Amino acid sequence: MEGGGGGGGGGEKNASVFSGFGQTDVFDPSAPPPFKIAEIRAAIPKHCWIKSSWRSLSYVLRDLLVIFALAAAAIYFNAGIFWPFYWVAQGTMFWAIFVLGHDCGHGSFSDNSLLNSLVGHILHSAILVPYHGWRISHRTHHQNHGNVENDESWVPLTEKLYKSLDYSTKMLRFTVPFPLLAYPFYLWTRGPGKEGSHFNPNSKLFAPNDRNDVITSTVCWSIMVALLISLSFAIGPIQMLKLYCVPHLIFVMWLDFVTYLHHHGYEQKLPWYRGKEWSYLRGGLTTVDRDYGWINNIHHDIGTHVIHHLFPQIPHYHLVEATEAAKPVLGKYYREPKKSGPIPFHLIQNLARSIKEDHYVSDSGEIVYYQTDSELYKSSRDKSN
């Protein structure tokens, strides 16, 4: 399945077909929507915009209590049969506190900016994320979502850039599970075609007035690294590996899994934009909601991603209600997520298919779709023979 590249008035467009009562209605997801962002905003109940610092802090307390309880249980039982359960559960909880720190970065945690910064640094430093460095780049992502040239997270490679990569880089980028290990590398070096580090105050990611914030976050991150090294001497590196490092790896996999699927892997290909065809609203409407089953509550309903992208200031505990209220306005531009069982195994297929098919976009055109390098895996098979 391959997508074509298109410009503002031409190129192949990837339409989704909806049928009803014997008639076929061809829906083009790249068409400018017939509504304005103000209409979506007006449909969302006013209380959904209200932030409660105490309520937000209660989620922090809940998650930290679970994290410490899991660690205490692991130390107490210290049994081989318990460790795999602990690693998955604790890694998932690390991902949960990342989401709360992410809310601090958006200001949806509290109206108190000092509280946002304090909690954000504590939660993100604890899982080796530089709070301000990531906050600033994530803000860039939200301000430019769906823009091939200016987006920041999981940005499509252009055909020219893709073809300039060596074979091993392509295989690492487009073979599961390697993309699920990408986040630490992204923090240090970003991705192909982009320069900078989330730890460097002089990085191209940041403006001059971001310098002190980035330095502060890098120092907090360094303190956490020093603490982990000290603990490894105190309790032993193997115990530290089991208690912290393996759960951290699970957290990284959760982060890459979720953030990728919020912008890729829908049943029909969705557009990316350049130039005059891009707008904040059109870019936001290319994001995808996902259902994660019983994990929805654990990771604070981050699967309700469309409304979060359009209005990141809405607290996570109002996202489900806000989404339901916005659906009548969004119409076909809202793609109802496939219902999940208790564990979202169905999303693994979406991920694998997208990574296998979504390799690059055209070098030109203002409305483009992912295309497939049909030779990539064929070359891999040839090399193994």
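Predicted model: local features only at pLDDT ≥ 70, side-chain atom pairs only at ≥ 80, totals over all residues.
Student: How many residues in the lining of the largest pocket are charged?
Tutor: Residues are numbered from 1 along each chain as its sequence is written, and side-chain values use heavy atoms, without hydrogens or water. Asp, Glu, Lys and Arg count as charged, Ala, Val, Leu, Ile, Met, Phe, Trp, Tyr, Cys and Pro as nonpolar, and the others, Gly among them, as polar. With 22 nonpolar and 15 polar residues in this lining, the charged ones number 6.

Student: Which residues lie nearest the centre of the largest pocket?
Tutor: A pocket is an open set of points on a 1 Å grid over the protein atoms alone, with protein on both sides within 12 Å along at least five of seven lines, and lining residues have an atom within 4 Å of a point. Here 43 residues line the largest pocket, and those nearest its centre are Trp154, Arg173, Ala182, Tyr186 and Gly191.

Student: Which element gives the largest share of the lining of the second largest pocket?
Tutor: This pocket is lined by 20 residues, with Val88, Thr92, Trp254, Ile295 and Ile343 nearest its centre. Elements giving two or more residues include α10, α12 (295-298) and α15 (346-357). The largest share, 5 residues, comes from α3.

Technical notes
1 Å grid on protein atoms, 1.4 Å probe; cavity = no way out; pocket = protein on both sides within 12 Å on 5 of 7 lines; lining within 4 Å. Helix = DSSP H or I, 4+ residues; strand = E, 2+ residues; numbered from the N terminus.
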